[in-house]
Amino acid sequence: MINQPPVDLLIEQLGTDKQPVSRYCLCVVAAKRARQIIEQNSSNPKGNEILKELAVASREIASGKIKYVKD
């Protein structure tokens, strides 16, 4: 369960004023980004830095680095 940043904040960041995203959409976006992080780290191990991939993905969403675009 994600406590920080709050799920409501993540939903606001991914959505727009006109159309907010669902919790399901948030889960899909965060999981895809977490998988990308895992793939990047498997080729470049960073040593002692231990951060959960989903926590990193959620922080990136909260900071606005990750955007959701509906196809």
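Buried means under 20% relative accessible area, exposed over 50%, and partly exposed in between, with a 1.4 Å probe and protein chains only. This is a predicted model, where local features need pLDDT of at least 70, side-chain atom pairs count only at pLDDT 80 or more, and totals for chains, interfaces and linings use all residues. Residues are numbered from 1 along each chain as its sequence is written, and side-chain values use heavy atoms, without hydrogens and water.

Start with R23. R23 is exposed, at 51% relative accessible area. R23 lies in helix α2 (residues 23-43) and D8 in helix α1 (residues 7-14), so the pair ties together parts 15 residues apart in sequence. Helices here are DSSP runs of H or I, at least four residues, numbered from the N terminus.

Next, select α1 and α2 whole. Their axes, lines fitted to C-alpha atoms over the stretch in contact, are 10 Å apart, and the helices pack at about 85 degrees. That makes α1 roughly perpendicular to α2 (65 to 115 degrees). Show the contact residues (heavy atoms within 4.5 Å): V7, D8, L10, I11 and L14 of α1, with R23, L26 and V29 of α2.

Move on to E60 and R33. This is also a salt bridge, with the closest N and O atoms 2.6 Å apart. The pair links distant parts of the chain, E60 in helix α3 (residues 53-63) and R33 in α2, 27 residues apart. E60 is buried, at 14%. R33 counts as buried too, at 15%. In total, the structure holds two salt bridges.

Key:
A salt bridge is a side-chain nitrogen of Lys or Arg within 4 Å of a carboxyl oxygen of Asp or Glu. Helices (H or I, at least four residues) and strands (E, at least two) are DSSP runs, numbered from the N terminus. Axes are lines fitted to C-alpha atoms, for helices over the stretch in contact, and angles run from 0 to 180 degrees between N-to-C directions. Angles under 35 degrees count as roughly parallel, over 145 as roughly antiparallel, 65 to 115 as roughly perpendicular and the rest as oblique.
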